[in-house]
Amino acid sequence: MPILEVKKLRKTFQSVVAVDNISFSVENGEIFTIIGPNGAGKTTTLEMIEGLQTPDSGEIQLKGMNWKSDSGRIKQIIGVQPQTSALFDLLTVYESLDVFAGLYKRSRSIDEILDFINLTEHRNKRVKILSGGQKQRLAIGIALVNDPDILFFDEPTTGLDPQARRNIWDIVLKLKSLGKTTILTTHYMEEAEKLSDRVCIVDQGKIIALDTPQNLIQVLSKEREIHLSFPASIKDAREIIQVVKEYPGVTKVKAEQNMLIFSTTSPEESLYHLFKYTTENQIKVEQIGIKDLSLEDVFLSYTGKEWRD
Ligand SMILES: Nc1ncnc2c1ncn2[C@@H]1O[C@H](COP(=O)(O)OP(=O)(O)OP(=O)(O)O)[C@@H](O)[C@H]1O
């Protein structure tokens, strides 16, 4: 049985359809990421599952329980990371965790949580002097006080620098190794790709794709972009463009100063021909790169829109 099941969830705010008929299920132990641009409906979806907003229609089951009849029991098994703005500036790190732990029947030792979120050495610091990354880790710690089975993190790394972001990723992955289930939202494609077992891409309140990151990327056409750079500017750009255009699988080709850029559905064959040509014409190649496909390309192919953070 899935640990979370969402069926035909819908929420409107006056004329805005924030969440439009969303259904998915999450298995125990998964990291499930909801990704989408600003206003896509991520927070509204998450907050309905967390019991913070009431859906207009649809069903939500957490471990087979629903908010109408089992709210007390659901609260014991979920952990919600609060917005960092909801932390109390004047409390210390330890006190913040202690206050929240007092709200639950089942709670984890605070020392253990401090160690888990890597804030042991800052335990006596007041919240107001913590860095952005430390505040986010504390907010994650607060979500852990009741030792929940399912965790909800809403954009836990937004606005953090790359190192602070990686520290959060480490915590999410450690939670997975303990068998916890995590539902998170993000606008960062790289984050979704690195962390998630499955990714649900939403846009304008609807799911546009849902699968493992690898499968999502694989369903794209096998067309790859290849970059070739030469030590000096290409002498006869027109000729090389003409030659490459004729190779099997090549769909696009352009030359810019010392770079040749082309797209092909048969990268190996195209490169074989190209290297034969450069060798025969004694053209020295400096560097070659094949662009990896990413979730950004998936988003573009489903929506026709470029992804913007
Ligand atoms: N309380 C509200 N009242 C009116 N409109 C709302 C309310 N909450 C959300 N919306 C609207 O619903 C849509 C979805 O918002 P939501 O916050 O769920 O998106 P999001 O994907 O989380 O966006 P972001 O990445 O910017 O947080 C948006 O158009 C938003 O303006």
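Author: A residue counts as near a molecule if its C-beta atom, placed from the backbone, lies within 6 Å of it. Keep that cut-off in mind. This is a predicted model.

Reader: Which residues surround the ligand?

Author: The ligand is surrounded by Phe-13, Val-16, Ala-18, Gly-36, Asn-38, Gly-39, Ala-40, Gly-41, Lys-42, Thr-43, Thr-44 and His-187.

Reader: Which element gives the largest share of that shell?

Author: Helix α1 does, with 3 residues. Both β2 (16-26) and α1 (42-49) supply at least two residues of the shell.

Reader: How do the shell residues divide into nonpolar, polar and charged?

Author: The shell has 4 nonpolar, 7 polar and 1 charged.

Reader: Now a helix. What should the span of α6 be?

Author: Count 1.5 Å a residue. The 16 residues of α6 (residues 162-177) should then span 22 Å. The end C-alpha atoms of α6 are 23 Å apart, which agrees.

Reader: Which residues of α6 are buried?

Author: Burial is a count of neighbours. A residue is buried if 20 or more other C-beta atoms lie within 10 Å of its own. In α6, Ile-168, Ile-171, Val-172 and Leu-175 are buried. Look down the axis of α6: the buried residues fall within an arc of 95 degrees, so they line one face of the helix.

Reader: Which exposed residues does the face turned away carry?

Author: That face of α6 carries Pro-162, Gln-163, Asp-170, Lys-174 and Ser-177.

Reader: What covers the buried residues of α6?

Author: The cover includes β3 (31-35), α5 (132-144), β6 (150-154), β7 (181-186) and α7 (189-195).

Reader: What follows α6?

Author: Gly-179 follows α6, and its phi is positive, near 90 degrees.

Reader: Let me try a single residue. Why does Ile-241 count as partly exposed?

Author: Count again. Ile-241 has 15 C-beta neighbours inside 10 Å, so it counts as partly exposed. Ile-241 lies in helix α9 (residues 237-245).

Reader: Which residues does Ile-241 touch?

Author: Leave out residues up to four places away in sequence. Ile-241 then touches Val-253, Lys-254 and Ala-255. Ile-241 and Val-253 are 12 residues apart in sequence and 6.3 Å apart in space, C-alpha to C-alpha.

Reader: Now the whole chain. How many helices and strands does the protein chain have?

Author: The protein chain comes to 11 helices and 13 strands. Its radius of gyration is 24 Å, well over the 19 Å that the globule rule gives for 309 residues, so the chain is more spread out than a compact globule. Its C-alpha atoms fill a box of roughly 75 × 45 × 35 Å, taken along the principal axes.

Reader: How many of the 309 residues count as buried?

Author: The buried part is 33% of the 309 residues.

Notes
Residues are numbered from 1 along each chain as its sequence is written. This is a predicted model: local features need pLDDT of at least 70, side-chain atom pairs count only at pLDDT 80 or more; totals for chains, interfaces and linings use all residues. Helices (H or I, at least four residues) and strands (E, at least two) are DSSP runs, numbered from the N terminus. Ala, Val, Leu, Ile, Met, Phe, Trp, Tyr, Cys and Pro count as nonpolar, Asp, Glu, Lys and Arg as charged, and the others, Gly among them, as polar. The expected span of a helix is 1.5 Å times one less than its number of residues. A residue is buried if 20 or more other C-beta atoms lie within 10 Å of its own, exposed if 12 or fewer, and partly exposed in between; C-beta atoms are placed from the backbone. The arc is that of the directions from the helix axis to the C-beta atoms. Two residues are in contact if their C-beta atoms, placed from the backbone, lie within 7 Å. The radius of gyration is taken over C-alpha atoms; the globule rule is 2.2 Å times the number of residues to the power 0.38.
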